[in-house]
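Colleague: I would like to learn how to read charged pairs and overall shape in a model. Please take one feature at a time.

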Amino acid sequence: MLRVTFLIRRRQDLTADAFYDYWRHEHGPLVASFSRKLNFMRYVQVHTLADSPDLAGPRGAMEPAYDGVAEVYYESRAAFAATFEDRDARAAGSALVEDERNFIDFENSTVWVGYEYPQVNPTPENMVAAPRSGLVKLYYPLRAPEGRDDADAQTYWRTHHGPIIRRHTPAQGVLRYVQVHRALDEPLDAPLRKSRGCKAPYLGHAELWFDRAALGVATPERQAAAKAAYEDERNFIDFGRSAMWLAKEHVFFDRR
C-alpha cells in the first residue's frame with residue numbers, strides 16, 4: 001500500500017481554531033466527496049495537540065511542530081499513478097489544491113510519497129488515536145545528516161534502529177510503531193510539491209502510538225529505553241532539521 005504524507009502549516013492569518021475548523025468541517029468532506037475519483041483507500045487528518053510537550057530532550061533544538069498531517073492511502077502505486085492520467089481525477093485533484101489555499105501555508109508545508117514498514121503492530125491493524133480515546137500518536141519526520149546518503153540512512157533506520165526500538169517496546173510503552181519511508185526514486189513525488197509550491201521533503205517519518213497517561217511516568221526502564229533510542233538516532237538523523245510532536249487522529253473513511 002502506498003501512502004501520501006502531507007505535513008501542514010496553517011496560513012498565518014488564521015487562528016488555530018479557525019484552521020482546524022475549516023480543515024475538518026469544510027475540506028475533509030470535500031476530500032471524501034472526491035475519494036472514489038482519486039482512488040483513495042483511506043483518509044486521515046492528524047491534528048497536533050495544543051498542549052503537545054517538548055519531546056526533544058537531549059536532541060536539542062528541533063524544528064517546530066507542524067499544525068497537522070494529512071494521510072492519504074492508495075491500494076497500489078498503479079492506483080496512485082492512474083489519478084495523473086484520468087481527466088476527472090485531475091480535475092478533482094485541482095479542486096482540492098484550490099481549496100487547500102484557503103487554510104494551508106504551502107511554502108512552509110511539504111508532501112511526499114512513501115511506503116510503510118511496520119515495526120510493532122497490533123492485530124488487527126486498527127489502532128487509532130481518536131479524540132475521545134486515551135491514545136496519542138507521536139509524529140517524528142526526520143532528515144539525514146548532511147553528507148549521508150538518503151538510501152543508506154533509510155536502510156540503517158529500518159534494519160538497525162527498528163530492532164532497537166522493538167527491544168525496548170515494553171519499557172517505552174509503545175503500542176504501535178511504524179516507519180514510513182519516502183520513495184526516493186518515485187517520479188510522481190515531485191509533482192505533488194510543485195503543484196503546491198511546497199518545500200523539500202523529509203527522509204520519511206516515524207509514528208508511534210502510546211497511552212498518554214503512561215507517557216508521564218518516568219521509570220528507570222523508560223529512561224534507559226529513551227537513552228538507547230536517542231543515542232542510535234544520532235547515527236542517521238539530523239535533529240536540527242527534524243521535528244517531533246503529539247497528535248490525535250480523525251479518520252474520515254477507511255476502505256482497506
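Colleague: Which residue forms a salt bridge with Glu-98, and how far apart are the closest N and O atoms?

Modeller: Bear in mind that this is a predicted model. A salt bridge is counted when a side-chain nitrogen of Lys or Arg lies within 4 Å of a carboxyl oxygen of Asp or Glu. Here Arg-101 is the partner of Glu-98, with the closest N and O atoms 3.1 Å apart.

Colleague: Are Arg-101 and Glu-98 buried, partly exposed or exposed?

Modeller: Buried means under 20% relative accessible area and exposed means over 50%, with partly exposed in between. Arg-101 has 37%, so it is partly exposed. Glu-98, at 47%, is partly exposed as well.

Colleague: Where does Glu-100 find its salt-bridge partner?

Modeller: Glu-100 pairs with Arg-196, and their closest N and O atoms are 2.7 Å apart. Glu-100 sits in helix α3 (residues 87–100), while Arg-196 is in the loop between α6 and β7 (204–211), so the bridge ties together parts 96 residues apart in sequence. Both residues are buried. Elsewhere, salt bridges with shared partners join Arg-3, Glu-71, Glu-116, Lys-137, Glu-207 and Glu-249 into one network.

Colleague: What does the side chain of Arg-77 meet in a salt bridge?

Modeller: The side chain of Glu-186, at 2.7 Å from N to O. Arg-77 belongs to helix α2 (residues 77–82) and Glu-186 to the loop between β6 (174–182) and α6 (189–194), so this pair ties together parts 109 residues apart in sequence. The two ends have their own accessibilities: Arg-77 is partly exposed at 33%, whereas Glu-186 is buried at 9%.

Colleague: How many salt bridges does the structure hold, and where do the charges sit on average?

Modeller: There are 23 salt bridges. The protein has 34 positive and 36 negative charges, and the mean positions of the two sets are 2 Å apart.

Colleague: What does the radius of gyration say about the fold as a whole?

Modeller: Compare the value with the one for a compact globule of equal length. For 256 residues that is near 18 Å, and the protein has 18 Å, so the two agree. The C-alpha atoms fill a box of roughly 55 × 40 × 40 Å along the principal axes, and the protein has eight helices and eight strands.

Colleague: What share of the residues is buried, and what share of the contacts joins residues at least 24 apart?

Modeller: Of the 256 residues, 52% count as buried. Among contacts between residues at least 6 apart in sequence, 88% join residues at least 24 apart. The protein exposes about 11,600 Å², with carbon and sulfur atoms supplying 51% of that area.

Terms used: Residues are numbered from 1 along each chain as its sequence is written. This is a predicted model: local features need pLDDT of at least 70, side-chain atom pairs count only at pLDDT 80 or more; totals for chains, interfaces and linings use all residues. Side-chain values use heavy atoms; hydrogens and water are left out. Helices (H or I, at least four residues) and strands (E, at least two) are DSSP runs, numbered from the N terminus. The radius of gyration is taken over C-alpha atoms; the globule rule is 2.2 Å times the number of residues to the power 0.38. Buried means under 20% relative accessible area, exposed over 50%, partly exposed in between (1.4 Å probe, protein chains only). Contact means heavy atoms within 4.5 Å. Accessible areas come from the Shrake-Rupley method with a 1.4 Å probe; for residues, only the protein chains shown count as cover. Lys and Arg count as positive and Asp and Glu as negative; His and the chain ends are not counted. The place of a charge is taken as NZ of Lys, CZ of Arg, CG of Asp or CD of Glu.
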